[in-house]
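Please look over the sequence and the model shown here. A short report on the chain and two of its parts comes after them.

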Amino acid sequence: MAEVRLTDIRKSYGSLEVIKGVNLEVRSGEFVVFVGPSGCGKSTLLRMIAGLEDISSGELTIGGSVMNDVDPSKRGIAMVFQTYALYPHMTVRENMGFALRFAGMAKDEIEARVNAAAKILELGPLMDRKPKALSGGQRQRVAIGRAIVRQPDVFLFDEPLSNLDAELRVHMRVEIARLHKELNATIVYVTHDQVEAMTLADKIVVLRAGRVEQVGAPLALYDDPDNAFVAGFIGSPRMNFLPARVTAVGSGTVTVALTAQPETILTLPVTQTCQTGDAVQLGVRPEHFLTEGQGEAQLTAQVDVIEHLGNTSYVYSHITPGEQIIIEREERRGTDRKTDQITVGLSAAHCLLFDHKDERIR
């Protein structure tokens, strides 16, 4: 295990800067997930840690040693790619031990490491098969095993589950979480799937356009986002954002009215200065809408469709055309008629406020 520290890391391709001054500490034994939309720079940042991309400026240290110009093979890292990259003519056993054989390690040591990794990943019955005889999940486990046998200081995962179907992704998430617990390894993991991030990470790094938007524990980001981007990206379904205007400012409070439904008025506790008439957004997660009649304000919306998921239903609605909101309901029976209305309650305790620049008003 080793800690990873990034200090003002930048990456440019000519005049195009894609990583814009990232500062981050990954503690020894920590599971850190880089998450963000496509093109945010998360895979580029991971490849810079691996040594597969040059660092334009800044400093990268692994285990306290500067790694900017160190060869990837000498950084004490092992990487699991999105594509499995297995040798088709080799068996599982040969694939897992290839890097060790190439490094000139003794045969008995290679065998011991391969067998130990196979036991952890439950690959024993598959050791003499070739990749074409394996399922997608089994191939991914072999790729992970190939990383384990190297006994690295840091594991790097680059969207390893994106090629798997939904059921296998869930299974492999559990396997990777179990692996981290068993090995107590330092892991840096890249994904665009915020569900993976929430379920796997000790710490999430939310990236946008080459910058870190927020770093924190999964539930800390979910409950206390710094801005509307983080609030909307973390959580499935996403947070609802309802346009509103400030109607009154008190001592430590602000009162807002929804733009599309001015009779829906809510007073929230804030310490930041607001001005009457300011345009704001009220953030409400689907599960925080209350039953009709509860809360300090009521909201009426037109139902578009109800998505029944067994124990929970999501009501896709709108206040004005094109302004979709998602409401979570626990009732297991309901109608999907598009002309239905739904009325729900709002509580200031479960609402967040954002300014016109999408920054959180606290």
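## Basis

This is a predicted model, in which local features need pLDDT of at least 70 and side-chain atom pairs count only at pLDDT 80 or more, while totals for chains, interfaces and linings use all residues. Residues are numbered from 1 along each chain as its sequence is written, and side-chain values use heavy atoms, with hydrogens and water left out.

## The whole chain

The protein chain has eight helices and 20 strands. Helices (H or I, at least four residues) and strands (E, at least two) are DSSP runs, numbered from the N terminus. The C-alpha atoms fill a box of roughly 75 × 50 × 35 Å along the principal axes.

Of the 362 residues, 49% are buried, meaning under 20% relative accessible area with a 1.4 Å probe, protein chains only.

## Helix α4

Helix α4 covers residues 136-148. Its 13 residues should span 18 Å at 1.5 Å a residue, and the end C-alpha atoms are 19 Å apart, which agrees. The expected span is 1.5 Å times one less than the number of residues.

Because 11 of the 13 residues of α4 are buried, the helix is largely enclosed by the rest of the structure. Among the buried residues are R141, V142 and I144. Their cover includes α2 (92-102), α3 (107-121) and α5 (166-183).

## Strands β1 and β2

β1 (residues 4-13) and β2 (residues 16-26) pair in the antiparallel sense over eight bridges; pairing requires at least two DSSP bridges between two strands. V4 has V26 in β2 as its bridge partner.

The two strands β1 and β2 form a hairpin with two residues between them. In the turn, G14 has a positive phi of about 65 degrees.

How values were computed:
Buried < 20%, exposed > 50% of the residue type's maximum accessible area, 1.4 Å probe, protein only. Contact = heavy atoms within 4.5 Å.
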